[in-house]
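Dear colleague,

I am passing on the structure we spoke about, and below it you will find my notes on what turned up. Please read them with the model open beside you.

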Amino acid sequence: MALRKGRCRLQLLLGEMSQTEFAQRMKVNDSTVSRWINGKREMTYENAVLASNILNCHAEDFYEWIEVDKGKRQR
């Protein structure tokens, strides 16, 4: 088995924090956060680690993880 990233869970993890406040704390544009949430762009590992420190969670929490057969590319 292998894993692939599913949908971004950032919106759920923000809780009461606004996207704007989160973007300011991450030192990125609001549009970048929106792209992450809408699946238009993936977070880099470095951004996921920084975000996990801000939101007190783990970097792997930002995406759903889907098991797939190793060697098969599935979308």
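**The cysteines**

C8 counts as buried, because its relative accessibility is 10% and the cut-off for buried is under 20%. Please bear in mind throughout that this is a predicted model.

**Helix α4**

Helix α4 runs through residues 45–55, and its buried residues are A48, A51, S52, I54 and L55. When you look down the axis of α4, these buried residues fall within an arc of 160 degrees, so they line one face of the helix. As background, an α-helix has 3.6 residues a turn, so residues three or four places apart point the same way. On the other side of α4, E46 and N53 are exposed, while the cover over the buried residues of α4 includes α1 (10–14) and α2 (19–26). Just after α4 comes N56, which takes a positive phi of about 55 degrees.

**A residue of α2**

Q24 lies in helix α2, and Q24 counts as exposed because its relative accessibility is 56%, where exposed means over 50%. The C-alpha atoms of Q24 and E64 are separated by 25 Å, and these two residues are 40 residues apart along the chain.

Technical notes:
Residues are numbered from 1 along each chain as its sequence is written. This is a predicted model: local features need pLDDT of at least 70, side-chain atom pairs count only at pLDDT 80 or more; totals for chains, interfaces and linings use all residues. Side-chain values use heavy atoms; hydrogens and water are left out. Buried means under 20% relative accessible area, exposed over 50%, partly exposed in between (1.4 Å probe, protein chains only). Helices (H or I, at least four residues) and strands (E, at least two) are DSSP runs, numbered from the N terminus. The arc is that of the directions from the helix axis to the C-beta atoms. Contact means heavy atoms within 4.5 Å.
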